[in-house]
Amino acid sequence: KRKTDWSDSGGRHCILSFYVIHITIAVFQYKKNGPRLSVVAEQSKVVSRRGGNATLPCKIQRDQSLAPNRKMRIKWTKLTSDYLKEVDVFVAMDYHKRSYGRFHGRVHLQGSSPMDASLVITEITLEDYGRYKCEVIDGLEDGTAVISLDLQGVVFPYFPRLGRYNLNFYDAERACREQDAIVASFDQLYDAWRGGMDWCNAGWLSDGSVQYPITTPREPCGGKNTVPGVRNYGLRDKEKNHYDVFCFTSNYKGRFYYLIHPSKLTYDEAVRACQKDGAQIAKVGQMFAAWKLLGYDRCDAGWLADGSVRYPISRPRRRCSPTEAAVRFNGFPDKKHKLYGVYCFKGKKNLTSQS
């Protein structure tokens, strides 16, 4: 009986060994030959600007031994900032093509060859910033690549008239939108810090984290003996926790300008003065974009749409930001005081109608 038990055990051992060897050979063959279809991005990042166009590269490399397949499926999705979801952008299979949501009518395949799955995005918006995934499915074969779309622009800290640390995450998103901007990403804040940004108040970022950039360490900002860097409070409760926010904006189509007016204005008078000039009172994001991207420089404090008073200085000088180029902030004064001028903004349609 013991001999029989040993024999049965041995038989099972032999069968198991056969399958292990078979699987090992299959894996070896796959590694030797490699995948029969792969997707390659010629560059990991593409840089554009709001209102411009961009081509996200995605090339298909396909084994010649594969039979031609007109049912090859190309799908583009956008990854959310926390990487938890994918948003459909564009799908193509044979002659069938479809774009989704806010990308509808603005995206198409470059299609320079049957093996070109590159995506063209037109009339880029601030929300288009981020990472995109190109996925190609050909029968049982598939491949993916991830490409980042970056935008030229500027990061600026923001808090409303209510004061500092009054915004939960959703309030922060709304506040940035109202100032012609979006909540900045960590990468955008990091680039701003590398460019010299120093701000001691913590603010929301698009992934739900709260951080702030320090180039000159000091006691109230993490400690005098700490190293420069982006200080990180980590992920916070988006509804219960309240901070400032870091916003990001890019190029605009229109004209930002200081309105020449014979007298100083209250806030309501400033709004009407811009309207009378065929414009609207400018937003904070538009001032930062004009200052950073166009070098706008004006030493006159003026009202903006949120009720704040600011002025942009690109050439530091005495009495006008003597030590640094910056958008100077005069706070949120009483809207009834006639102490300031006004900055206006004419969109592209207003400029066209008056030309």
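1. **Basis.** The model is predicted: local features need pLDDT of at least 70, side-chain atom pairs count only at pLDDT 80 or more, and totals for chains, interfaces and linings use all residues. Residues are numbered from 1 along each chain as its sequence is written, and side-chain values use heavy atoms, with hydrogens and water left out.

2. **The chain.** The protein chain holds six helices and 23 strands. Both are DSSP runs numbered from the N terminus: helices are H or I with at least four residues, strands are E with at least two. The chain has 355 residues, and 45% of them count as buried. Buried means under 20% relative accessible area, exposed means over 50%, and partly exposed is in between (1.4 Å probe, protein chains only). Of the contacts with a separation of 6 or more, 61% are between residues 24 or more positions apart. A contact means heavy atoms within 4.5 Å.

3. **Largest pocket: position.** Domain 1 (37-151) and domain 2 (153-249) both give residues to the lining of the largest pocket, so it lies between them. Domain bounds come from an automatic or database domain assignment. The space in this pocket is about 960 Å³. A pocket is found on a 1 Å grid over the protein atoms alone, as an open set of points where a 1.4 Å probe fits, with protein on both sides within 12 Å along at least five of seven lines; lining residues have an atom within 4 Å of a point. Grid points are joined across faces, edges and corners, and a volume is the space filled by probe spheres set on the points.

4. **Largest pocket: lining.** The lining has 36 residues, and Lys78, Thr80, Ser81, Tyr129 and Ser206 lie nearest the centre. By type, 14 are nonpolar, eight polar and 14 charged. Here Ala, Val, Leu, Ile, Met, Phe, Trp, Tyr, Cys and Pro count as nonpolar, Asp, Glu, Lys and Arg as charged, and the others, Gly among them, as polar. Elements that each supply at least two lining residues include β5 (73-79), β10, β11 (141-151) and α2 (169-178).

5. **Second largest pocket.** Where does the second largest pocket lie? Domain 2 (153-249) and domain 3 (251-347) both contribute to its lining, so it lies between them. The elements giving two or more residues to this lining are β11, β12, α3, α5 and β22. Strand β12 gives the largest share, six residues. The second largest pocket has about 830 Å³ of space. Its lining counts 31 residues, with Val155, Pro157, Met197, Phe288 and Trp291 nearest the centre. They divide into 17 nonpolar, five polar and nine charged.

6. **Helix α5.** This helix spans residues 284-294 and is mostly covered, with eight of its eleven residues buried. Phe288 and Trp291 are among the buried ones; both also lie nearest the centre of the second largest pocket. The cover over the buried residues includes β12 (153-158), β17 (244-250), β18 (254-258) and β23 (341-347). Just after α5, glycine 295 takes a positive phi of about 70°.

7. **Alanine 289.** This residue sits in helix α5. Alanine 289 counts as buried because its relative accessibility is 2%. Residues up to four places away in sequence aside, alanine 289 touches Val154, Thr249, Ser250, Tyr252 and Leu294. Threonine 249 is 40 residues away in sequence, yet its C-alpha is 6.6 Å from that of alanine 289.

8. **Lysine 133.** Strand β10 (residues 130-138) holds this residue. Is lysine 133 buried or exposed? Lysine 133 counts as buried, at 16% relative accessibility. Its side chain makes a polar contact of 2.9 Å with the side chain of glutamate 86. A polar contact is a pair of N or O atoms within 3.5 Å; within protein, one must be able to donate a hydrogen and the other to accept it, and residues adjacent in sequence count only if both atoms are side-chain atoms. Leaving aside neighbours within four places in sequence, the contacts of lysine 133 include Lys75, Trp76, Thr77 and Val146.

9. Aspartate 94 has phi near 60°, positive in a residue other than glycine. Aspartate 94 is in the loop between β6 (86-93) and β7 (96-99), and is partly exposed at 27% relative accessible area. Tyrosine 165, also not a glycine, has a positive phi of about 55°. Its place is the loop between β12 and α2. Tyrosine 165 is partly exposed, at 33%.
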